[in-house]
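Here are some friendly notes to read alongside the model. Please keep the 3D view open and look up each residue as you go.

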Amino acid sequence: MLTGKQKRYLRSQAHHLSPIFQVGKGGVNDHLITHIQEALEVRELIKVTILNNCLEDRGDVARELAEQSGAELVQVIGKIVVLYKESKEHKTIELP
């Protein structure tokens with residue numbers, strides 16, 4: 001679990017990132033989760049966009065993405081989800 005201070009730090013780091021994945025009408029599937037896990041191992045912090053044609057609730061999609069990928073949910077703001085997972089081999093982010 002991340003503390004409030006750590007979440008604030010990660011939000012500031014994620015501010016300049018662009019979303020690299022999109023969740024559409026297909027919702028969350030195994031293929032998407034696999035790609036998110038690979039991206040988290042390399043980058044540690046990513047943004048995911050939830051498109052308007054996604055039929056599920058944005059909060060539910062965000063929790064499902066975090067749970068299935070083994071990541072921490074940093075923030076859900078509008079249609080953007082920010083996920084963090086500490087990398088085993090490519091650790092670059094030092095949490096306060």
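The numbered points below go through the ground rules, the cores, the strands, the helices and the salt bridges.

1. **Ground rules.** This is a predicted model, in which local features need pLDDT of at least 70, side-chain atom pairs count only at pLDDT 80 or more, and totals for chains, interfaces and linings use all residues. Residues are numbered from 1 along each chain as its sequence is written, and side-chain values use heavy atoms, with hydrogens and water left out.

2. **The largest core.** A nonpolar core is a set of buried Ala, Val, Leu, Ile, Met, Phe, Trp, Tyr and Cys residues joined through side-chain atoms within 4.5 Å. Buried means under 20% relative accessible area, exposed means over 50%, and partly exposed lies in between (1.4 Å probe, protein chains only). The largest such core has 19 residues, and Val23, Ile36, Ile46, Val48, Leu65 and Leu83 touch the most other members. At least two residues each come from strand E1 (21-23), helix H2 (30-43), strand E2 (45-50), helix H3 (58-69) and strand E4 (80-84). Helix H2 gives the largest share, five residues. Here helices (H or I, at least four residues) and strands (E, at least two) are DSSP runs, numbered from the N terminus. As background, nonpolar side chains tend to be buried together in soluble globular proteins.

3. Which residues does Leu65 touch, not counting residues up to four places away in sequence? They are Val23, Val28, Leu32, Ile33, Ile36, Val48 and Leu83, where contact means heavy atoms within 4.5 Å.

4. **Strand E4 and its partners.** Two strands pair if DSSP finds at least two bridges between them. E4 pairs with E2 in the antiparallel sense over five bridges, and Lys47 stands opposite Val82 of E4. E4 also pairs with strand E3 (residues 72-77), again antiparallel and over five bridges; here Val81 in E4 is the bridge partner of Val76. E3 and E4 make a hairpin with two residues between them, and Gly78 in the turn has a positive phi of about 65°. Four of the five residues of E4 are buried, so the strand is largely enclosed by the rest of the structure.

5. **Helix H3.** The 12 residues of H3 should span 16 Å at 1.5 Å a residue, and this agrees with its end C-alpha atoms, which are 16 Å apart. The expected span is 1.5 Å times one less than the number of residues. Which residues of H3 are buried? Val61, Ala62, Leu65, Ala66 and Ser69 are. Seen down the axis of H3, these buried residues fall within an arc of 130°, so they line one face of the helix; the arc is that of the directions from the helix axis to the C-beta atoms. They pack against E1, H2, E2, E3 and E4.

6. Gln68 counts as partly exposed at 35% relative accessibility, whereas Ser69 counts as buried at 1%. Leaving out residues up to four places away in sequence, Gln68 touches Val28, Ile33 and Gln37, and Ser69 touches Ile33, Ile36, Gln37, Leu40 and Lys85. The C-alpha atoms of Gln68 and Asp30 are separated by 8.8 Å, although these residues are 38 residues apart along the chain.

7. **Helix H1.** In helix H1 (residues 4-14), the buried residues are Gln6, Leu10 and Ala14. Seen down the axis of H1, they fall within an arc of 70°, so they line one face of the helix. E2, E3 and E4 are among what covers them.

8. **Salt bridges.** A salt bridge is a side-chain nitrogen of Lys or Arg within 4 Å of a carboxyl oxygen of Asp or Glu, and by this rule the count comes to two. Arg63 bridges to Asp60, with the closest N and O atoms 2.6 Å apart. Both lie in H3, three residues apart, about one turn of the helix. Arg63 counts as partly exposed at 47% relative accessibility, and Asp60 counts as partly exposed at 40%. Lys91 bridges to Glu86, with the closest N and O atoms 3.9 Å apart. Lys91 is partly exposed at 37% relative accessible area, and Glu86 is partly exposed at 45%.
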